[in-house]
Amino acid sequence: MPEDVEPWSPGGARTRPAAIAAPRLDPASPLLFVINAAAGAQDVDAKRAVIESALAERGRKGELLVCEPDDLPRVATEAAAAALARSTAVVAVGGDGSLSTVARAAHAAGCAMGVIPYGTFNYFARTHGIPTDPLAAARQLADARPQPVQVGSINDRVFLVNASLGLYPELLQDREAFKARFGRSRWVAFVAAFATLLRAQRRLRLHIETGATARDVHTLTLFVGNNPLQLQQFGAEPEDTLPGTPGDGSLAALVLRPIGTLAMLGLMAHGAMGRLREAAGVERFEFTHMVVRPTLAPGHRKVVVACDGEVTRMRTPIEIRVLDTPLYLLRGDDAADTPHAPRAAP
């Protein structure tokens, strides 16, 4: 049976009791590690060594499930179902994209999820107080408890960090191409972004509905953030207009108006310095539910969307919301004291 916990609602507000409780964890049941063989700079043997060392130190058992990127959704789904049945947790080993895939499976199954980060930016892990050193993160799992964290959805697809239409998906595709050629680093990501922005031409016509408000915009990109750390690094936090904050009660939307090449370079400089709020042509606002209706060419009903670093095509209209049901993330007791962790409920 699930453990008794306080009912969850976005933003930490406790309302009427809800039939949502933390998954039960049996310390004797092995943790299930889903390892993306392609994620991070270390090879699979090195990742195995890190996990096995941490388990041996803490006297815990674990099963290591190694898979290629194409098999990750299937393996994550099977592992999440097994984790729920065995009263254990599924642990994602990889970058934010891998974590998102495992999170979708864990959220759907209702099991707890742990994280060992191996990505370039690791926004999700850093926001929730999980060490970016893989060995430290693996050690923390032994004493961690499932705690609710907010997730968003775009057309019913769960995301942890961000989702977007327009320019940002193009940027991600360019970044992957640059990484394949020049390797994984923040500088490679920066150069790829520079190249994308220089040739940005495609504009979107969007009808956006948020509650009782509707607007028509021309934009290069619509970016939705669920991660306060990422928004803070770019200086892109919206005005505080809703209860809670992005990632803890609401989502943040950034709309980039069409601008010229020189203005685009200036925008990039503002973002690099964490001063995007000062840049012209960027609209920012909070929301909990948004419907986006793009104007598409005749016969077209899908639009390119990026979701936690993965690019796909989705049928319109696009619906983006804060999910009522949280993801139960394994976090240490001191994780709530980290600068970017969601606030604890009063």
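Biologist: What is the relative accessibility of E78?

Modeller: The model is predicted, and the value is computed from it. Buried residues lie under 20% and exposed ones over 50%. E78 counts as partly exposed because its relative accessibility falls between these limits, at 48%.

Biologist: Which residue forms a salt bridge with E78?

Modeller: Side chains of opposite charge can pair when their charged atoms come close. The closest N and O atoms of the pair containing E78 are 3.4 Å apart, and a salt bridge requires a distance within 4 Å. Both residues lie in helix 2, four residues apart, which is about one turn of the helix. The partner, which counts as partly exposed at 44% relative accessibility, is R74.

Biologist: How far does helix 2 reach from its first C-alpha to its last?

Modeller: Helix 2 covers residues 72-86 and so has 15 residues. At 1.5 Å a residue, the expected reach is 21 Å. The reach in the model is close to that expectation, at 21 Å.

Biologist: Which helix is included in what covers the buried residues of helix 2?

Modeller: The buried residues of helix 2 are L72, V75, A76, A79, A80, A82 and A83. Their cover includes three strands, namely strand 1 (31-36), strand 2 (62-67) and strand 3 (89-94). It also includes a helix, spanning residues 96-109, which is helix 3.

Biologist: Is A106 buried or exposed?

Modeller: A106 lies in helix 3. Leaving out residues up to four places away in sequence, A106 touches A80, V90, C111, M113 and L327. Because its relative accessibility is 1%, A106 counts as buried.

Biologist: How many residues are in the second, separate core?

Modeller: F124 is among the residues with the most contacts inside the largest core. Beyond four places in sequence, F124 is in contact with residues including L99, V115, L160 and L327. The second core is separate and includes F159, A163, V217 and F285. Its number of residues is 24.

Biologist: How many residues of strand 4 are buried?

Modeller: A112, G114 and I116 point one way from strand 4, while M113, V115 and P117 point the other way, and all are buried. Strand 4 runs parallel to strand 3 and is joined to it by six bridges, with V91 standing opposite G114. Strand 4 is largely enclosed by the rest of the structure, because the count of its buried residues is six of the six.

Biologist: Which strands are the edge strands of the open sheet?

Modeller: Six strands form this open sheet in the order 7-6-18-15-9-10, with antiparallel pairing. An edge strand pairs on one side only. The twist averages 20° from one strand to the next. The two edge strands are strand 7 (157-159) and strand 10 (213-219).

Biologist: Which residue forms a salt bridge with R293?

Modeller: Strand 9 and strand 15 pair in the antiparallel sense over four bridges, and the bridge partner of L206 in strand 15 is P294. The closest N and O atoms of the salt bridge made by R293 are 3.3 Å apart. The pair links distant parts of the chain, 84 residues apart, with R293 in strand 15 and its partner in strand 9. That partner is E209.

Biologist: How many residues apart in sequence are the parts tied together by R284 and E239?

Modeller: The side chains of R284 and E239 meet in a salt bridge, with an N to O distance of 3.9 Å. R284 lies in strand 14, whereas E239 lies in the loop between helix 8 and strand 12. The pair therefore ties together parts whose separation in residues is 45.

Note on methods. Residues are numbered from 1 along each chain as its sequence is written. This is a predicted model: local features need pLDDT of at least 70, side-chain atom pairs count only at pLDDT 80 or more; totals for chains, interfaces and linings use all residues. Side-chain values use heavy atoms; hydrogens and water are left out. Buried means under 20% relative accessible area, exposed over 50%, partly exposed in between (1.4 Å probe, protein chains only). Contact means heavy atoms within 4.5 Å. Two strands pair if DSSP finds at least two bridges between them. Axes are lines fitted to C-alpha atoms, for helices over the stretch in contact, and angles run from 0 to 180 degrees between N-to-C directions. A nonpolar core is a set of buried Ala, Val, Leu, Ile, Met, Phe, Trp, Tyr and Cys residues joined through side-chain atoms within 4.5 Å.
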